Amino acid sequence: YSNGIVGLFGGLQNYMAYTQSIIYYKSGGNGRASSLAVAGLTSVLFFFGPSVASYMPRCMAGTLLLHCGIDLFLEGVYDSYGKYDYLEYAGIWAITVVMTTFGMEAALLMGAVSALLTYAIQSVTYLSPVRGSMTAATLRSSEWNRSPEAFNVLDSDVTGRVKIEVIQLQGHLFFGNISLFGESIKKIIQSNPAGKLPFIVIIDFTLVLGIDSSAAQAIIKLRDQLSHQLGTKLVIFVPGSASGFPCEINISEQLNTARNFSGSHVCEDMDQALIYAEDALIATVNKNLLYDSIKGSFLSNDQKDIISIEDEKSHAIELLFRKCPGESRQVVEKFLSYFTRETYNKGDVLWKQGTKSDSAKLLVSGDLISKLEYEAETTETISIGSVIGESGLVQGSNRNSTVYVLLDCTILYSLSSEAWEIMKKDDLQSAQLLYSIVVRYLTLRVQHVSNRIFETRCLPI
């Protein structure tokens, strides 16, 4: 704006020069007072500069330019030695030689070429597209309410999560490193002992910043190679975003071709990918375990024939029984006797984040969602059979999230703080069940895939 205004009134335009900034800084310029002093002196010299300049030795201007030139040359070439790698330092010298020989315009072009060349070479040389890999033996999804039979399948050394290989990628995938990307993944899979090759491979693209067209085609080709050459039954791709993979080509449609848990499938995040992989493992052993009548709610709106409270309590006992493996049914029934039945409708709020924890609840029928109010509004759905609020009740802490009801006629069984105090005092066996549920949930959350795949400081319990 200043140049436009000055130009309208016939004045001189201003400009910024790096040399002048260096002189100002090395002369002790600092703060508003120094800037105002420079502006004031410049204004005075605008009127009296020519007459003052006639008294200045002619060599002063040349000396000043020579000083700035030598100082900037040493700063750019000599002082920078050892601060950059050899490729970047070679680019500095290339720009210096081109500027000296052909001028500023050619040096600017050389700088752009040097920057692009350095980026391309460093991307290939210093950053492996494969960040790491691991089996899913110690990873857990958010599907925590499976039947004991299903968990036995997943925990088995023959049919369980050990048959899932998780590979995480990073950086940019482009024509320069796509060959390394494909060969690295195949080597990871082939490094498993004979007869123990992974049944399912999950490839996580969450940390991938960009994919060019050649890399996109190579990903599709890799899918086919894993299936035909290495015998991988299911390949799951995780773009890490609801918008899909970071490329112009829509490869999600070409990769999402799984039928009966065979082929390739695309999941938005690692949790969904692990759930799908677990379902595939269970279906391989017994598909009937996926259709869990206990986990589903028999009190849903389309099933009006089962209305007995006794049937509902039996259903709740079965849900709790899964949280307390090894306990007798009589103990679980006594534990449930401390709970009271509650009914909620869509839009109700069970509790607000930050309020006092005064109960723990078992979801018997309906749908709930938990929401973090002050942390990007992160949400987590709560499935039937889940116990919520147990940690806050035991610790006496405030609620960590807000819980909303998503369906009418949602039924929960609630353990109040008063009943909990009575239980601790008079029925230690029942109290021990709640402690066990707390420990079980904490264990599952620590081992959840979102805590384990990016950082390894959170070790499995």
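Is Tyr 276 buried or exposed, and what is its relative accessible area? In this predicted model, Tyr 276 is buried, its relative accessible area being 17%.

**Aromatic pairs**

Eight aromatic pairs are counted in the model. Phe 205 and Phe 245 make up one of them, with an edge-to-face arrangement in which the centres lie 5.1 Å apart and the planes stand at 85°. Since Phe 205 belongs to strand 3 (residues 200–211) and Phe 245 to the loop between strand 4 (234–238) and helix 10 (252–255), the pair ties together parts that are 40 residues apart in sequence.

Because Phe 261 lies in the loop between helix 10 and strand 5 (263–266) while Tyr 276 lies in helix 11 (residues 270–285), the pair ties together parts that are 15 residues apart in sequence. Phe 261 is buried, with a relative accessible area of 19%, and its backbone has a positive phi of about 60° although the residue is not a glycine.

The two pairs described here can be set side by side.

| Pair | Arrangement | Centre to centre | Angle between planes |
|---|---|---|---|
| Phe 205 and Phe 245 | edge-to-face | 5.1 Å | 85° |

Ser 252 is itself buried, with a relative accessible area of 17%.

**Charges over rings**

Aromatic rings also meet charged groups: the charged end of Arg 399 sits over the ring of Trp 351, at 3.6 Å from its centre, and the charged end of Arg 440 sits over the ring of Phe 151, at 5.8 Å from its centre.

**Nonpolar cores**

The largest nonpolar core comprises 40 residues, and those with the most contacts inside it are Leu 320, Phe 335, Leu 350, Leu 362, Leu 368 and Leu 415. Helix 16 (residues 428–446) contributes the most to this core, giving six residues. Apart from this core lies another, of 28 residues, which includes Ile 167, Leu 169, Ile 188 and Val 235. As for Leu 362, the residues that it touches, not counting those up to four places away in sequence, include Ala 316, Leu 319, Leu 320, Val 387 and Ile 411.

**Backbone features**

Helix 3 (residues 32–53) spans only 27 Å between its end C-alpha atoms, whereas a straight helix of 22 residues would span 32 Å at 1.5 Å a residue. Helix 3 bends by about 70° at Phe 47, and a proline, Pro 50, follows within four residues.

Cys 409 has a positive phi of about 60° although it is not a glycine, and this residue is found in the loop between strand 12 (402–405) and strand 13 (410–416). Cys 409 is partly exposed, with a relative accessible area of 43%. Leu 109, by contrast, counts as exposed at 57% relative accessibility because the cut-off for exposed is over 50%. Leu 109 lies in helix 6 (residues 104–125), and its C-alpha atom is separated by 36 Å from that of Glu 183, a residue 74 places away along the chain.

Key:
Residues are numbered from 1 along each chain as its sequence is written. This is a predicted model: local features need pLDDT of at least 70, side-chain atom pairs count only at pLDDT 80 or more; totals for chains, interfaces and linings use all residues. Side-chain values use heavy atoms; hydrogens and water are left out. A nonpolar core is a set of buried Ala, Val, Leu, Ile, Met, Phe, Trp, Tyr and Cys residues joined through side-chain atoms within 4.5 Å. Buried means under 20% relative accessible area, exposed over 50%, partly exposed in between (1.4 Å probe, protein chains only). Helices (H or I, at least four residues) and strands (E, at least two) are DSSP runs, numbered from the N terminus. Contact means heavy atoms within 4.5 Å. The expected span of a helix is 1.5 Å times one less than its number of residues. The bend at a residue is the angle between axes fitted to the seven residues ending there and the seven starting there. Rings of Phe, Tyr and Trp (its six-membered ring) pair if their centres lie within 6.5 Å; planes under 30 degrees apart count as stacked, over 60 as edge-to-face and the rest as tilted. A charge sits over a ring if NZ of Lys or CZ of Arg is within 6 Å of the ring centre and within 35 degrees of the ring normal.
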